[in-house]
Amino acid sequence: MNRLRDKPYVTYGLLGIMILVYLIMTITGGTENPGNLLRFGAKYNPLIRAGEYWRLIAPVFIHIGLTHILMNGITLYFIGQYVETLFGHWRFLIIFLVSGVVGNLASFAFSYNVSAGASTAIFGLFGAFMMLGESFSRNQAIVSMAKTFLLFIVLNIAMDLFTPGIDIAGHLGGLVGGFLIAYVSGVSFSKVNPIKRVIAGITLVLVAGALFVIGMRGSF
């Protein structure tokens, strides 16, 4: 039982769901078919405004093409294990899902494109590492790892700026969401400053609410 408890089984479970959804979509019409993407829950602003709010989380499990799921799947496999080990299984799941929602809210607010993918949530995992680097600045191992992920974030955002079709708003939203929810959830190995947790929680609610209002107004 202890061995199972130590395994990053939430990461494996999330990967399993993504692969299963990808296979089902492939069989039922394709993962690049616009109609099939909408059928399975891709982010589409008019439908969210019509009340289909589940489209703020469903896109995390949908991928557009083989390259998309390979890249996100490999990234989640390696990054997810680190974050799940440091935060614990349920905290990790909360960070992943909340980051995905905040990322999709940012996309809803600032992008009109149909979008899907786990990138919003994965950027949230990077944000969680940034929180660790800020909160545990005396731990050189964590700080070193946080700096590595910061470089990875900068490179990814730079690539986003020059790659057509990339939902940069979703990525940035996920990054911010992950940073904030990591404070709220806390970590498995130490206590987090309670004042910072409260401030992060209030900020998270305000950011999510503001993005939702902007999206519902229909600027995009």
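This is a predicted model: local features need pLDDT of at least 70, side-chain atom pairs count only at pLDDT 80 or more; totals for chains, interfaces and linings use all residues.
User: How many residues are in H5, and how far does the helix reach?

Analyst: Helix H5 covers residues 66-87, which makes 22 residues, and from its first C-alpha to its last it reaches 30 Å, close to the 32 Å expected at 1.5 Å a residue.

User: Where is the kink in H5 centred?

Analyst: The kink is centred on Gly-80 and amounts to about 30°; Gly-80 is also among the buried residues of H5, along with others including Asn-72, Leu-76, Glu-84 and Phe-87.

User: Which residues have the most contacts inside the largest nonpolar core?

Analyst: Those are Leu-76, Phe-87 and Leu-132, in a core of 50 residues. Helices H2, H5, H6, H7, H8, H9 and H10 each supply at least two of its residues, and the largest share, 10 residues, comes from H7.

User: What does Phe-87 touch, leaving out residues up to four places away in sequence?

Analyst: Phe-87 touches a set of residues that includes Phe-92, Ile-95, Met-131, Leu-132, Ala-182 and Val-187.

User: Changing topic, is Ser-99 buried or exposed?

Analyst: Ser-99, which is found in helix H6 (residues 89-110), counts as buried because its relative accessible area is 0%, whereas the cut-off is under 20%.

User: Which residues is Ser-99 in contact with, beyond its neighbours within four places in sequence?

Analyst: Ser-99 is in contact with Thr-120, Ala-121, Gly-124, Gly-174, Gly-177, Gly-178 and Ile-181.

Methods: Residues are numbered from 1 along each chain as its sequence is written. Side-chain values use heavy atoms; hydrogens and water are left out. Helices (H or I, at least four residues) and strands (E, at least two) are DSSP runs, numbered from the N terminus. The expected span of a helix is 1.5 Å times one less than its number of residues. The bend at a residue is the angle between axes fitted to the seven residues ending there and the seven starting there. Buried means under 20% relative accessible area, exposed over 50%, partly exposed in between (1.4 Å probe, protein chains only). Contact means heavy atoms within 4.5 Å. A nonpolar core is a set of buried Ala, Val, Leu, Ile, Met, Phe, Trp, Tyr and Cys residues joined through side-chain atoms within 4.5 Å.
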